[in-house]
Every structure is written in C-alpha cells, then in structure tokens.
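Student: Hi, I've got a new model open and would like to talk it through with you. Could you pick a residue to start from?

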Amino acid sequence: MIRRYGETVQRDRRYRFRPGAYALLERDGMLLLTHQQAPVPEYQLPGGGIDLGESPIQALHREVFEETGWRIALRRRLGAFRRFTFMPEYEIWAEKLCTVYLGRPVRPHGAPGEPGHTAVWMPPDMALGRLGNAGDRAMLHRWLGQIR
C-alpha cells in the first residue's frame, strides 16, 4: 500500500488521477530544490506530472530542467506517496501518485524555464522544515535515515 499525505479525501469529490515523478537531488551535502512562487509560495522537490507518451524518467528529466535549469543523473527509485489536492494551475482536484527518485545534479544550463520557479540549494536538515508538503518531507526523512 502506498502511504497518503496531505488533505483528507472527500468522498463526494471527483479526483483526476495525476502520476508524477520527483527527485531528491543531492550534491556536496546540499539539496537542489525548486521554489514555486504561485499560486502559494513553497519549496518543493523538483519534478511534476508525466505527460501522455512520456516515461516517468523522461518526465523527471524534463521537469527538473524546466524548474531548475539543471541536468541530472538518477541513481534509484526512493519511494512513492499519494496526495489528494486541488491543483489551481489546472483548476482540478487531483489524486497525485508521486514517485520519488534519488539523483544528483550534474550540470546547470541556465535559469529555470518554468515561470515562477527558482532553483534553490539548501542543507537537508533545513529542507525538512521548509518543504511545502508532507510527502516530500517524508521522502527526505526516509533518505536521511538511510545515510545516517
């Protein structure tokens, strides 16, 4: 069973299934995160939705590049979680299946191309208190438990 984080499921609400791929990206003891300014400012693991015809890995490379401007190398799958949430940018309620991979930022290629996103470097312990959703924090906590 995949753990659920976030809002309580509302039985009378219709949710659209939205799979996504996200990355915990560590380099030299720091994490590469994205800060999304709108609709609500928050720090996030870089990544996002998997488009029709894309594999999760293809989507992850595309999303990380759009949100951070970095190319990445992936090591392995870290885990997955579910979130039921409103996505104001699409005006939908979504059941998000978030698969998280462990990787490494390899090379920057400029500023993020996604409007309202900023690449941010942060120590892991600080990120635990700043990541905007409980699923991202749980994945970071799991990884920290594996390396300590």
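Tutor: Let's start with Glu91, which is exposed at a relative accessible area of 67%. Here exposed means over 50% relative accessible area, buried means under 20% and partly exposed lies in between, with a 1.4 Å probe and protein chains only. This is a predicted model, so to speak of local features we need pLDDT of at least 70, and side-chain atom pairs count only at pLDDT 80 or more, while totals for chains, interfaces and linings use all residues. Residues are numbered from 1 along each chain as its sequence is written, and side-chain values use heavy atoms, with hydrogens and water left out.

Student: Where is Glu91 found?

Tutor: Glu91 is in the loop between S6 and S7. Strands (E, at least two residues) and helices (H or I, at least four) are DSSP runs, numbered from the N terminus. S6 covers 70-87 and S7 covers 92-108, and the two form a hairpin with four residues between them.

Student: And what's the phi of Glu91?

Tutor: Positive, about 55°, although Glu91 is not a glycine. Most residues other than glycine have a negative phi. Asp28 also has a positive phi, near 55°; Asp28 lies in the loop between S2 and S3 and is exposed at 72% relative accessibility.

Student: What else pairs with S6, say S1?

Tutor: S1 pairs with S6 in the parallel sense, over three bridges. Tyr5, for one, has Arg83 in S6 as its bridge partner.

Student: Switching topic, how many aromatic pairs are there?

Tutor: Five. Rings of Phe, Tyr and Trp (its six-membered ring) pair if their centres lie within 6.5 Å; planes under 30 degrees apart are stacked, over 60 edge-to-face and the rest tilted. Take Tyr15 and Trp93: their ring centres are 6.2 Å apart with planes at 85°, so this pair is edge-to-face. Tyr15 is in the loop between S1 and S2 and Trp93 in strand S7, so the contact ties together parts 78 residues apart in sequence.

Student: Are those two buried or exposed, or in between?

Tutor: Tyr15 counts as buried at 18% relative accessibility, and Trp93 as partly exposed at 22%.

Student: Which pair would you show me next?

Tutor: Trp70 and Trp121, with ring centres 5.3 Å apart and planes at 80°, so edge-to-face. This pair links Trp70 in strand S6 to Trp121 in strand S8 (residues 117-122), 51 residues apart. Trp70 is buried at 12% relative accessible area, and Trp121 is partly exposed at 34%.

Student: Which residues form a cluster with Tyr15?

Tutor: Tyr15, Phe84, Phe86 and Trp93 form one aromatic cluster.

Student: Which charges sit over rings?

Tutor: Among them is Arg13, over the face of Trp93 at 3.8 Å from the ring centre. The charged end of Arg71 sits over the ring of Phe65, 3.9 Å from its centre. The rule is NZ of Lys or CZ of Arg within 6 Å of the ring centre and within 35 degrees of the ring normal.

Student: Last one: where is there a cis peptide bond?

Tutor: Between Ala38 and Pro39, with omega about 10°. Pro39 is in the loop between strand S3 (30-36) and S4.

Key. Pairing = 2+ DSSP bridges.
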